[in-house]
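Please look over the model below before reading on.

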Amino acid sequence: MISSQRQHLILNRLRTRGAVRITALSKELGVSAMTIRRDIADLADKGLLKRVHGGAVTTSSLLAEPLFSVKSQMEMGLKDVIARRAVSYVSPGDVIAIGGGTTAYVFAQHLLESRQCEGITILTNSIPVAELVQAMESKEVEVIVTGGVITRSNSLVGPIADKVVASLRVNTVFLGTHSVSIPRGFLMPNSLEAATDMALMSIADRTIILTDHTKWSCTSLSLFASFDQVDTVVTDDGLDLPAVEETKSLVRELVLAPSGEVGDAAVDASVEQE
């Protein structure tokens with residue numbers, strides 16, 4: 001398959017999925033990860049897509065969000081270390097809220113496998129998180145689902161969700177974000193989802209953002225939180241030093257979870273050395 005054909009297929013995948021991964025495209029198209037990386041670089045130079053760590057997103061991602069199934073395959077190793085670190089912010093018996101998105105979902109997975117989940121109540125607008133709790137053999141965890149309109153990220157948003165949220169109270173809310181903008185704050189591509197995240201923050205004693213370092217290079221439409229509204233940001237240690245220093249000056253607590261050689265980061269590094 002010649003380069004132009006591969007690039008045409010990559011763009012077709014982006015139109016339907018919103019985002020693609022280098023490793024998945026390599027397997028799908030039967031070529032090396034390095035070849036896919038060169039194709040993505042060429043398309044990025046032409047302004048046809050935007051490169052991100054481990055893959056690419058459509059240039060229209062400012063307004064459109066990738067499907068949950070696509071996002072769940074991106075930055076898996078980084079999400080894992082962030083989620084493991086965030087579990088320490090939950091104590092048995094807590095009443096917490098977990099927002100939508102795949103990083104929050106991975107956090108829920110690790111939380112439900114830990115001792116910290118004993119006797120907790122989870123308020124969530126994430127259908128996948130609610131399904132996780134429902135599938136548990138132990139019924140020590142109670143889940144409350146907001147209801148609302150379903151987004152591409154399998155989150156429930158809108159006036160119904162916001163009304164349910166407003167009637168409750170939680171100790172801590174854990175939220176993902178589509179992008180981090182210095183000095184503005186945290187943004188989502190869906191304005192309704194941003195509004196529901198704001199509603200969740202308004203009923204929480206503490207707000208914790210879970211996001212990997214690549215989100216500092218993304219752009220989104222709707223601001224849902226400024227830095228001074230957030231208590232803690234948990235990210236990975238791949239965040240570059242200038243961004244670390246700027247973020248530390250804006251937020252109360254910045255936690256850098258050690259990533260080491262995780263997931264595709266290790267695979268990509270080995271490919272670069274070949």
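**Notes on the predicted model**

1. Among contacts in the protein chain (heavy atoms within 4.5 Å) between residues at least 6 apart in sequence, 66% join residues at least 24 apart. The chain holds 11 helices and 15 strands, where helices (H or I, at least four residues) and strands (E, at least two) are DSSP runs numbered from the N terminus. Of its 274 residues, 54% count as buried, a term that stands for under 20% relative accessible area, with exposed meaning over 50% and partly exposed lying in between (1.4 Å probe, protein chains only).

2. This is a predicted model, in which local features need pLDDT of at least 70 and side-chain atom pairs count only at pLDDT 80 or more, while totals for chains, interfaces and linings use all residues. Residues are numbered from 1 along each chain as its sequence is written, and side-chain values use heavy atoms, with hydrogens and water left out. The mean pLDDT (the predictor's confidence in each residue, from 0 to 100) of the protein chain is 86, and 86% of its residues reach 70 or more. Over residues 261-274, however, pLDDT stays under 50, and the model has 15 contacts beyond four places in sequence for this stretch.

3. Helix α8 (residues 159-166) and helix α9 (residues 191-202) pack at an angle of about 5°, with their axes 9 Å apart; the axes are lines fitted to C-alpha atoms over the stretch in contact, and angles run from 0 to 180 degrees between N-to-C directions. Because of that angle, α8 is roughly parallel to α9, a label given to angles under 35 degrees. Ala-161, Asp-162 and Val-165 of α8 make the contact with Ala-195, Thr-196, Ala-199 and Leu-200 of α9.

4. Lys-79 lies in helix α5 (residues 76-86) and counts as buried, because its relative accessibility is 4%. Its side chain makes a polar contact of 2.6 Å with the side chain of Thr-102, a polar contact being a pair of N or O atoms within 3.5 Å, of which, within protein, one must be able to donate a hydrogen and the other to accept it, and residues adjacent in sequence count only if both atoms are side-chain atoms.

5. Although Lys-79 and Ser-259 are 180 residues apart in sequence, their C-alpha atoms are 9.4 Å apart in space. Ser-259 sits in the loop between β15 (253-257) and α11 (263-273), and its side chain is joined to that of Asp-237 by a polar contact of 2.7 Å.

Note on methods:
Angles under 35 degrees count as roughly parallel, over 145 as roughly antiparallel, 65 to 115 as roughly perpendicular and the rest as oblique.
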